[in-house]
Amino acid sequence: MTTHRAGPGVGPGTAQAAPSGSARTKQRQPQRPQETDLVPVCLTIGSSDSSGGAGIQGDVKAYASVGCYAATVIVGLTAQNTDGVTGRLSVPVPFVLEQLDTVLADLPCAAVKLGSTWSAELLRALGPRLARLAADGVPIVVDPVMVTAAGSLLADPAQTRDALFEHIFPSATVATPNRQEIGLLLGDGGPGPAASRRELAEALVRAGVPAILVAGGPGEAGDWYFDGARHEQLDGARHATGAEHGVGCAHSTILAGLLAHGYSLYDAAIEAQRRAGTAVLGGHTDIGARLHPVDALGLRERAEQVRLRFAPGE
């Protein structure tokens, strides 16, 4: 993902009651996959966040937080801080494909996270390669970032929407849009901004998205899960820390990493939501002037350990 967005565990207040008729589920601990000596190699395709909180930089940290080795394909650069995006620069599509082909020629890919729609041209070019990965059983998480938290469009919505549905979503395992992105994806033919997350998820699956995780918007806690057959509200607290920069990136990347470890989609969704919420709760509230970065790695605790062990003058 390229920019900061509201996502799991974000916003004021605490968990809200489920709306009447919702498919609230009693949370349980995910079933652990079998242990392996291998560290999964996971790929993120996205753009650079110069402030380090989101985008490729955030994805590398999120993969590391669940014991995955991160390989990267950079599609663009942003001039960005916690206050927003001031500029962007595209990487030529042929060089994006060269990065991808070079990585895949050498590294065994256990999961892919696509975190930037960027341009319709890029999505059309990536489609055949993602289709081949999906055919080999590689899970693909699509986080369709189309707009910044400040409301700036990162790509042409109509062209991006068509390219996603034609070239990307058919190969995806799951998509993780927020409400605003769902509105852009469905356009005027969607159920509208007042629709429930259940209605929005069903509309996206009817349109061709295989499975959906919808993060909570204003007044909504937790995530909504729909895999085409099963609806579940995944409960979670909302943390008013102000550390929201990169939470959507962390959430979708952690989800991909857990799938690489062998979690089922449902169990991965539960654990990814929990970990993303923890990253907001323990976020870097002392970094940045506006939307502070999440902390998926527990860096404050690591820094304290270093200071205690290697105190200056000792």
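Contact here means heavy atoms within 4.5 Å.

**Entry 1: the model.** I note that this is a predicted model, where local features need pLDDT of at least 70, side-chain atom pairs count only at pLDDT 80 or more, and totals for chains, interfaces and linings use all residues. Residues are numbered from 1 along each chain as its sequence is written, and side-chain values use heavy atoms, with hydrogens and water left out.

**Entry 2: Leu 130.** I looked up what Leu 130 touches beyond its neighbours within four places in sequence: the contacts are Ile 45, Val 112, Leu 114, Ile 140, Ile 168 and Ser 171.

**Entry 3: the cores.** I took a nonpolar core as a set of buried Ala, Val, Leu, Ile, Met, Phe, Trp, Tyr and Cys residues joined through side-chain atoms within 4.5 Å. Buried means under 20% relative accessible area, exposed over 50%, and partly exposed in between, with a 1.4 Å probe and protein chains only. The largest core has 47 residues, and Leu 43, Ile 45, Val 112, Leu 126 and Leu 130 have the most contacts inside it. Helix α3 gives the largest share of this core, 7 residues. A second, separate core has 31 residues, including Val 174 and Ile 254. In soluble globular proteins, nonpolar side chains tend to be buried together.

**Entry 4: strand β4.** Helices (H or I, at least four residues) and strands (E, at least two) are DSSP runs, numbered from the N terminus. Two strands pair if DSSP finds at least two bridges between them. β4 pairs with β1 (residues 41-49) in the parallel sense over 4 bridges, and Cys 42 stands opposite Ala 111. β4 also runs parallel to β5 (residues 140-142), joined by 3 bridges; there Val 112 has Ile 140 as its bridge partner.

**Entry 5: helix α4.** Which residues of α4 (residues 157-168) are buried? I found Pro 157, Thr 160, Ala 163, Leu 164 and Ile 168. Seen down the axis of α4, they fall within an arc of 135 degrees (taken from the directions from the helix axis to the C-beta atoms), so they line one face of the helix. Gln 159, Asp 162 and Glu 166 are exposed on the other side. The buried residues pack against β4, α3, β5 and α5 (179-186).
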